[in-house]
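Dear colleague,

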Amino acid sequence: MVVPSTTPARQETVTTLLPPPCPGGGAIPTVDMSAPHGRGALSRQVARACAEQGFFRAVNHGVPPAGPAARLDAATSAFFALAAHDKQRAGPPSPLGYGCRSIGFNGDFGELEYLLLHANPAAVAHRASSIDTNDPSRFSSVVNEYVEAVKQLACDILDLLGEGLGLEDPRLFSKLITETDSDSLLRINHYPPSCTVHKLDHDDQCKLKGVARTKAGNGGNPAAGGRIGFGEHSDPQLLSLLRANDVDGLQVLLPDINGKDVWIQVPADSSAYFVNVGDLLQALTNGRLVSVRHRVITSACRPRLSTIYFAAPPLHARISALPEMVTAGSPPRYRSFTWAEYKTAMYSLRLSHSRLDLFHVDDDESGNGSKGK
């Protein structure tokens, strides 16, 4: 089923911030994870960024670029350099595996190819045999090493967030992604150079005729030129950690000084992680944190490689507003649901759809607390 987007069209205003803003300045907050001013100040800074922008740039994060990150980049770059028929062995994405151009099941397209992997070591090993046919264990080892490093960073951020929000159990969020049956994912996106992007349309790997035109509901036409690499969306999980090479393209939708939503061009920084609040954190905090909408525009003549770790709970985990987030003046905004139920709804919608809208508490329910779906 394809459900048209309910997201209203926006004026395509794009603001570029160069150089990257300093801590406490500019529209995109930068958080120094080394806590130079103490853990208490760091936890408050993380909570503030997640509440006001739903997005921040993490520096001094403890994941060395020359270690697991560099090895993963080398392994995935080698895969994307393979011939089309070799890459197709790892697909089609249903939803995991190799995909090209098509995003999801409802007609969304982008100018990219990608690998989508489950973060569970056993699942990675199973998929690796079709990704690195020469040495599957080598690929599995590289992916698992990276996942462990970035999962630890995600846990650190979630614990800081719990402290900054004053939760009775500050580790409540991180416990959701350390469960053995966590549904966390790793996505590696490869965006070909925009000046040669038409090559995708003539390559057998895409199995498409002509240039796919991105509809307005999938991010619109970017005012700054270029093409939609990955259309406007929010991430459905708890938290996303994105790392990319030194090629621009990421844009986030943030309010300007007048409260008007504008697209902010995020300057590339291969040494940083960009942290996105996901839909589940917005629901757990009863809307106190905001799930940021973002997209990728391809406008460079160099390929862009990005890796995103999506921190997610087990499928059976029930999501409802935490007691600390519910008051007489702020009753529950969303119905209780499981992550499995939310994923089912997600797969039925277009990329740009505001999925949490489906789980809003009706006016006649708000006095009775959260209800099951």
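In the lining of the second largest pocket, β9 gives the most, with three residues. Here strands (E, at least two residues) and helices (H or I, at least four residues) are DSSP runs numbered from the N terminus. A pocket is an open set of points on a 1 Å grid over the protein atoms alone, where a 1.4 Å probe fits and protein lies on both sides within 12 Å along at least five of seven lines, and lining residues have an atom within 4 Å of a point.

This is a predicted model, in which local features need pLDDT of at least 70 and side-chain atom pairs count only at pLDDT 80 or more, whereas totals for chains, interfaces and linings use all residues. Residues are numbered from 1 along each chain as its sequence is written, and side-chain values use heavy atoms, with hydrogens and water left out.

The second largest pocket holds about 410 Å³ of space, a volume being the space filled by probe spheres set on points joined across faces, edges and corners. Its lining has 23 residues, and Q282, V290, S291, R293 and S354 lie nearest the centre; β9 (250–255) and α8 (279–284) are the elements that give two or more residues to this lining.

The largest pocket has a volume of about 820 Å³, and of the 44 residues that line it, I103, G104, L116, R187 and F230 are the closest to its centre. β4 gives the most to this lining, with five residues, while the elements that each supply at least two include β5 (108–118) and α9 (339–347).

Best regards
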